[in-house]
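Open the structure in a viewer and keep the selection tool at hand. The tour goes stop by stop, each with a selection and a note on what is there.

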Amino acid sequence: MSTATIQQFDVIILGAGPAGATCTIALQNSGLKVALLDKDVFPRDKICGDAVSSVAKRILRQINPELETALLDFAPKTNITQAKLYSPNFKSLSFSFSKVGHCIRRVDFDNWLFELAKQNSHATIMQQVTVKQVATTEEFAQVDLADGRILRAPIVVGCDGAHSLVAKKLAGFKVDRKHYSGAVRQYYSNISGLTGDALEVYFLDGYLPGYFWIFPHTNNQANVGFGMLSETIANEKIDLKKSLHDIINTIPEIKERFKNAQPLEEVKGFGLPLGSKKQNISGHRFMLCGDAASLIDPFSGEGIETAMESGKFAAEQIIKSAANNDFSAPT
C-alpha cells in the first residue's frame, strides 16, 4: 500500500465521548497533533443514567476554570442536592450532597464536551469512521480504517467504550460477567412526586442484586432505569426490559407514581464494565480510558466522572511522554 495513505499524528484517540473529548480538551495547549475519531456523528445519544456529579466540575476546573463556568451556564440540566435510597420495605434514607451535582441528558452533555474538544486547533476530528484494526510496533501505534486510510502516532488512546477494540486487541480484555452489569433506560414525563433535585434509588425484593432508579430532568421528565450484575442476568435468565416494565406496573408504591406518567421512548439497554477487577489499562504505546478501561464505579454505577478524569490523566501522561519521547510500558 502506498505511504500516501498514511496520516501521521502525535496522538490518536478512539472515541469522542467524555473520556476522549476530555483528553482532547486537556491536550489543547500541548501543541500535539491529535486525531479524535468516533463511529457516530454528534450529537448522538448514549444510554446512561445521566447523573453528573460535582467531580466533573472539579475536573473541568483543573483543566481550565472557564470550563467549569461554562458547565454552570449550560442550560439543559437539573441541580442535584440529595439522594434518596429505598430498601425493599420502602424505608428510605436521604442524604444531602455537600457539592451540587447535575442530571444532564447524555445526548446534550456529550455533545457539549465534543464541541469543546473541537476547539483544540491541533485536533483533526473524524466522525462516522469505522476502525478495522489497532496495533502497536516498537516504533508506532497504527489504526487502520475501513475506508483504507491508515493513521499512525507514537500512542493510541482507547476511549472507545464498553466494547473497546483497543482494550480487546492491545490489553486482551474479555467480558467477565462477574465484573459487568447490564441495564436498561427509558425516559418518562409526568411521574408524580418528583422534586427535581433528588436522585432516587430503589433496592427491591425480587430484583437484587440490582437497583431501580428515577433521576430527574427538566420539564418534569426523568431518566428511569434498572440494572443488575451480568452474572445474575445470565444465570437467572433475567429479561431487563420485562423487569423494568414489571417494576413500574406491579409494585404498588411505584405504580402509583407512574399512573399518569408517559414514556418518551422505547426501553433501551446498555452494558457497564465495572472497575471491580484489577486490569492493565496501559501498555506499550497505548492507554485505556473510561468504559474502555472498565472504570465504572461498581457500587453507584457512575462512569462519566471516571471517564473524564482518566482522559485528563491520559493527556497529562501523553504530554510527559512526548517530552521524553518515551511511550514504552513501565518494566
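Helices (H or I, at least four residues) and strands (E, at least two) are DSSP runs, numbered from the N terminus. Residues are numbered from 1 along each chain as its sequence is written. The model is predicted, so local features need pLDDT of at least 70 and side-chain atom pairs count only at pLDDT 80 or more, while totals for chains, interfaces and linings use all residues; side-chain values use heavy atoms, with hydrogens and water left out.

**Stop 1: a pair in helix 4**

Select Asp110 and Arg106. Both are in helix 4 (residues 106-117), 4 residues apart, about one turn of the helix. An α-helix has 3.6 residues a turn, so residues three or four places apart point the same way. Asp110 and Arg106 form a salt bridge, with 2.8 Å between the closest N and O atoms. A salt bridge here is a side-chain nitrogen of Lys or Arg within 4 Å of a carboxyl oxygen of Asp or Glu. By this rule there are 17 salt bridges.

Are these two residues buried or exposed? Buried means under 20% relative accessible area, exposed over 50%, and partly exposed in between (1.4 Å probe, protein chains only). Asp110 is buried at 0%, and Arg106 is buried at 5%.

**Stop 2: a salt-bridge network**

Next, select Asp45, Arg185, Glu265 and Lys268, which are linked in a network of salt bridges. Begin with Lys268 and Asp45, whose side chains meet at 3.8 Å, N to O. This pair links distant parts of the chain: Lys268 is in strand 17 (residues 268-273) and Asp45 is in the loop between strand 3 (34-38) and strand 4 (51-52), 223 residues apart. Lys268 also forms a salt bridge with Glu265, with the closest N and O atoms 3.4 Å apart. Lys268 is partly exposed at 34%, as is Asp45 at 32%, whereas Glu265 is buried at 16%.

**Stop 3: an aromatic cluster**

Now select Tyr86, Phe90, Tyr188, Tyr202, Phe212 and Phe258, which form one aromatic cluster. A pair of aromatic rings is described by the distance of the centres and the angle of the planes. Rings of Phe, Tyr and Trp (its six-membered ring) pair if their centres lie within 6.5 Å; planes under 30 degrees apart count as stacked, over 60 as edge-to-face and the rest as tilted. The count by this rule is 13 aromatic pairs.

Zoom in on Tyr202 and Phe212: the ring centres are 5.7 Å apart and the planes stand at 55°, so the pair is tilted. Tyr202 lies in strand 13 (residues 198-202) and Phe212 in strand 14 (residues 210-216), and the pair links distant parts of the chain, 10 residues apart. Both Tyr202 and Phe212 are buried.

Then move from Phe212 to Phe258, another tilted pair, with 6.5 Å centre to centre and 55° between the planes. Phe258 is in the loop between helix 8 (252-257) and strand 16 (262-263), 46 residues from Phe212. The relative accessible area of Phe212 is 0%, and Phe258 is buried at 7%.

**Stop 4: charges over rings**

Select Lys33 with Phe9. The charged end of Lys33 sits over the Phe9 ring, 5.1 Å from its centre. The rule asks for NZ of Lys or CZ of Arg within 6 Å of the ring centre and within 35 degrees of the ring normal. Arg105 and Tyr187 give another case: the charged end of Arg105 sits over the ring of Tyr187, 5.5 Å from its centre.

**Stop 5: helix 1**

Select helix 1. The buried residues are Pro18, Ala19, Gly20, Ala21, Thr22, Cys23, Thr24 and Ile25.
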